[in-house]
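This briefing concerns a single predicted model. Please examine the sequence and the structure below before reading the points that follow.

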Amino acid sequence: MDELKYKIIDKAKELFLKYGLRSVTIDDICRDLRISKKTFYSVLKGKE
């Protein structure tokens, strides 16, 4: 689980730098990583 958590965080950082903080959604992160939102929220408890 920790490995997936770090992949999510790294992908989020990458997308935030490329498109800006307000332009990136959880759906964007999940789509790039090819994971479901259910998986996202099972690893990370919220948007923060």
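Residues 25-44 are 75% helix and 0% strand, with the end C-alpha atoms 14 Å apart. In UniProt, an unreviewed entry annotates residues 25-44 as "DNA-binding region"; UniProt positions are given in the numbering used here, feature names are shortened, and annotations may be inferred rather than shown by experiment. Helices (H or I, at least four residues) and strands (E, at least two) are DSSP runs, numbered from the N terminus.

The model is predicted, so local features need pLDDT of at least 70 and side-chain atom pairs count only at pLDDT 80 or more, whereas totals for chains, interfaces and linings use all residues. Residues are numbered from 1 along each chain as its sequence is written, and side-chain values use heavy atoms, with hydrogens and water left out.

**Helix α1**

- Ile 8, Lys 11, Ala 12 and Leu 15 are the buried residues in α1, where buried means under 20% relative accessible area, exposed over 50% and partly exposed in between (1.4 Å probe, protein chains only).
- These residues cover an arc of only 105° around the axis, which puts them on the same side of α1; the arc is that of the directions from the helix axis to the C-beta atoms.
- Asp 2, Glu 3, Tyr 6, Lys 13 and Leu 17 are exposed on the other side of α1.
- The buried residues of α1 pack against α2 and α3.
- Gly 20, with a positive phi near 100°, follows α1.

- Lys 11 belongs to helix α1 and counts as buried because its relative accessibility is 16%.
- Beyond its neighbours within four places in sequence, Lys 11 is in contact (heavy atoms within 4.5 Å) with Ile 29, Asp 32 and Leu 33.
- Ala 12, also found in helix α1, has 10% relative accessibility and therefore counts as buried.
- Between Ala 12 and Cys 30 there are 9.4 Å in space, C-alpha to C-alpha, although they are 18 residues apart in sequence.

**Nonpolar core**

- The largest nonpolar core has eleven residues: Ile 8, Ala 12, Leu 15, Val 24, Ile 26, Ile 29, Cys 30, Ile 35, Phe 40, Val 43 and Leu 44.
- Two or more residues of this core come from each of α1 (2-19), α2 (26-33) and α3 (37-43).
- Such a core is a set of buried Ala, Val, Leu, Ile, Met, Phe, Trp, Tyr and Cys residues joined through side-chain atoms within 4.5 Å.

- Ile 26, Asp 28, Ile 29 and Cys 30 are buried in α2.
- The buried residues of α2 pack against α1 and α3.
- Arg 34 lies in the loop between α2 and α3, and its phi, near 60°, is a positive value in a residue other than glycine.
- Arg 34 counts as exposed because its relative accessibility is 79%.

**Aromatic pair**

- The count of aromatic pairs comes to one, where rings of Phe, Tyr and Trp (its six-membered ring) pair if their centres lie within 6.5 Å, and planes under 30 degrees apart count as stacked, over 60 as edge-to-face and the rest as tilted.
- The ring centres of Phe 40 and Tyr 41 are 5.2 Å apart and the planes are at 85°, so the pair is edge-to-face.
- Phe 40 counts as buried at 5% relative accessibility, whereas Tyr 41 counts as partly exposed at 34%.
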